[in-house]
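Biologist: I have not seen this one before. Can we go through it together?
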Amino acid sequence: MPKQRGSGELVQGTLDMLILRTLARSSLHGYAVAVAIESRSEDVLRVEEGSLYPALHRLELAGLLTSEWRISETNRRAKYYKLTAAGRRHLAAQSTNWNRLVLAIARVMST
Amino acid sequence: MRWWLKIRKRRLLDRDLREEIAFHRAMRARDAANSETYGRPFGNETQIREELHDMWTFVSIETAWRDACYTLRGLRRNLGFTIIAILTLAIGIGANTAVFSVVNSVLLKPLPYPKAEELVSVRHTAPGAPGISVVAGGLGVWSSTMYFTYAEQNRSFQALGVWNRGTVAVTGLGEPEQVRSVSVSDGVLESLGVPPVLGRLLGPADQKPGGPETVMLSYGYWQRHFGGDRSVAGRSVTVDSRLRQIVGVMPEGFRIVDVEPDLIVPFAFDRNRALLPGYPLPCVARLKPGISMQQASADLARLIPIWMYSWPAAPGINPKAWEKWRITPTLRPLKQDVVGNLSDILWVVMGTIAIVMVIACANVANLLLVRAEARQQELTIRTALGAARGQIVRALLLESVLLGLLGGAIGMGFAYAGLHLLLSQGPANLPRLHEISMDARTLAFTLVLSVVSGLLLGLLPALKYGGPGILAGLRAAGRTVSVSRERHHARNVLVVTQIAMSLVLLVSAGLMIRTFQAMRTIEPGFTHPEQLQTLRISLPPSLARAPQQVTRRENDIVEKLAAIPGVASVGFGSEVPMEGLGQTVQVIYPEGRVYPRGETPPLRVFKVVSPEFFQTLGTRLAAGREPTWTDLYGRRPVALISENLAREVWGAPSAALGKRFVEVPGTPWQEVIGVVQDIYENGVQEKAPEIVYLPAAMPTATFVIRTVRAGTKGFLDQVRQAVWSVDASLPLASVQTMQEIYDQSMARTSFTLVMLAIAGAMALLLGIVGIYGVISYAVSQRRREIGIRLALGAEPRAVRRMVVRQGLILAGIGVVLGLAAAGGLMQFLKSLLYGISTLDPLTYAAVPLVLFLAAGIASYVPARSAATVDPVQALREE
């Protein structure tokens, strides 16, 4: 689970969604995924290795991601993850869901 | 296939996971130099890797495999324990598998005919007929006329026919040969539904009297005599001196009910001369689809009056009288005809072998308990290190199941060997013997038995040591104290169970031994059967047609046989006792006895005998004399009767002499000239029937020769020469000694006896081992206590007595429980017992004694070692 700075709990299963979203633009290795999520959330979300890799592998097993070994920017072999078509569909569905959820929560909270 | 790939890939996977995480760490280390954010420590790398690894692999198989390897290592470390446990289980499972494969093949598998569940046999009861019980094996169809009525007018059967076993002489194909034959009416082969391998089946046209005479060959006969020549159909063979045309060949192994004939010949009933009563024949029929046996019985019952009044009765018989007999058709599955009363025996044997299995399991369970106790520290430590309760239970169960499976695998080997032993020792007349094999169902049985017994075995230690409070073990195991009663409880219960079950088995074996004894003490009606040679000879009509000619020829044969050196006397009859060829029954009307109109006298067994027949057999004459050749040549109207018949009708054997009777009112009287000892025709366990013996010669007879040389090859050669000196075309059939016939009649009892004795011996042995194991373990646990006792001045004798008493108390409880169980269970044995009650006092007294003695010896050995404990040593040990 991504850790939060500040209070409140994160909705379960969001890490998967965040990973898919991060990989939607380009294929990245695990470390880059973590860095991307953290920087884009302006360090509100912190991704721990203990959660990141199980999530990546789970998504790969589920067929939402594929992977290949490539040479990284530091000239080392690294495992790059890429969204599959199924992953893209899954992300789309998840995003819609998420948006609806956020809206609903916002409405409740604002009353 | 995915799981397989997963397993295969595991090496590669491991490398990748390491590399991926290493990369991550390297990247982070690089960035950590620039930013404090990434200075935090990396998570537990091993745990992450294991988690990913588990994700990619088939976890349950892997852990199971790992556990199995661990268990196997554990078993190998305790080789002695493992071997004993596996062998005990293997013997139990092997014995059960062997017996189950017999039960499966004989009782469970359908008969080898297409849609065998539709096949039934038709029999009749006649509760109103006096003396009907003399008919051994019940009545099939009463006569050819009944067959005609049934076959032509029933509404329930696809086909129905009558058949009969017999032998026929085949001449013209090398040496004259007497071969097994079955006569069939139309409908028999059609019912059985097995197509011929060559030619055609016998059909309605073949049974027309005066039509072309035909025959079918068995596969074996076709191979032996025609070398499998496919042009055999259409050729002819001489059967009982008549030329018959071969129309077809049946496939290999084809049987008609329980007979595997060489030749199948059609009946040729003459409709115009057929009478109401006749010769009873077995009947086989195939139900129409959807018709139940009850419906079919009702259908046939409807036909009984039609039959009774549409055929001419024999002279002197009033069909009205038959109405009182209440002739009722009863149908039963054909399989029951084939298997007969063997099913009782087999289920009893299966039951006893199952008990042996339970006893064997109790022994192994005891071993496992001891082992679990020894492992208690290990288990406690595993629990302390975080093993879940489920994992401990799983480890214990896995071990016992593994033992079960190993035992089962070796047991299959034992079963295979045991089956051969069983088949070679089993009764030769065991039905479906040739079908016995270990098939898929047997394998499944063995597998289930192995796994289930393994699970049950493991359950006890698992419940005991997988439970909460296991940590207490760590404290207790530090210093051995005398084991509490509670900890011995489970083992004591097991031993008591074992003793009780051994007692049940020993009692059943004891009862069988007593039955056998009781049967042996009965005078069967003949003496020294090992000195009696029997053989069957059939005179073809070409050799002797008129009764005088038959008498002449047979007189010749008797004289030639009597002239062989070493022969004391020779006789012949329609059959010898217990030969089981099927009996003729008939009524007699004693002179001066009036039967009210509409009543018939009881049925009696009729036999035909020669002069010196009884003298040869060793049957005592109670009064009068044996027939002479003069009686035979003169065809004098004389007869002999059995003692029980004489007593029933005339009060005493001597009173019967000179009395007269008729078979059919209005025919000449027959005078009783002799009364002979009762003969147990149907085996000694059946009541001796009332028999009328008519002196006469008949074309087919069983000869009996008294000689000490009976059964030797030299003698049989001389017999053959003697018979062939009368006529070279005469074949000899059913050459056997009376002892063989006698043994055969007791084969089922002796088979059961042997099986139960084996089971009983196994049970006793396992029981002794069980007691020994428990007592010696208890002694080893109490070494310290015993040492203190001895140090305080206890006599070694008193220590011995204390230990032996413990064993005897266990045995005593087991014996009491076992006696109670045996009293109830022996009811199942009732049909197999003879001459003794199921509560035979001698057996019930002797068996507990034997068990006590065995228990005493088994606990004396550890008792002696207990008494020699060195107190100093025992106390210092810990």
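Biologist: Why is strand 12 of chain B largely enclosed by the rest of the structure?
Modeller: Six of the seven residues of strand 12 (residues 567-573) of chain B are buried, so the strand is largely enclosed. Buried means under 20% relative accessible area, exposed over 50%, partly exposed in between, with a 1.4 Å probe and protein chains only. Strands are DSSP runs (E, at least two residues) and helices are runs of H or I, at least four residues, numbered from the N terminus.
Biologist: What should I know about the model itself?
Modeller: This is a predicted model, where local features need pLDDT of at least 70 and side-chain atom pairs count only at pLDDT 80 or more, while totals for chains, interfaces and linings use all residues. Residues are numbered from 1 along each chain as its sequence is written, chains are lettered from A and ligands numbered from 1 in the order written, and side-chain values use heavy atoms, without hydrogens and water.
Biologist: Which strand do six bridges join to strand 12 of chain B?
Modeller: Strand 21 (residues 700-707) of chain B, running antiparallel to strand 12. Strands pair if DSSP finds at least two bridges between them. Phe572(B) has Phe703(B) as its bridge partner.
Biologist: New topic: where does Leu173(B) lie?
Modeller: In the loop between strand 2 (157-171) and strand 3 (177-184) of chain B.
Biologist: And what does Leu173(B) touch?
Modeller: Leaving out residues up to four places away in sequence, Leu173(B) touches Tyr221(B), His225(B), Phe226(B) and Val237(B). Contact means heavy atoms within 4.5 Å. Leu173(B) counts as partly exposed, at 28% relative accessibility.
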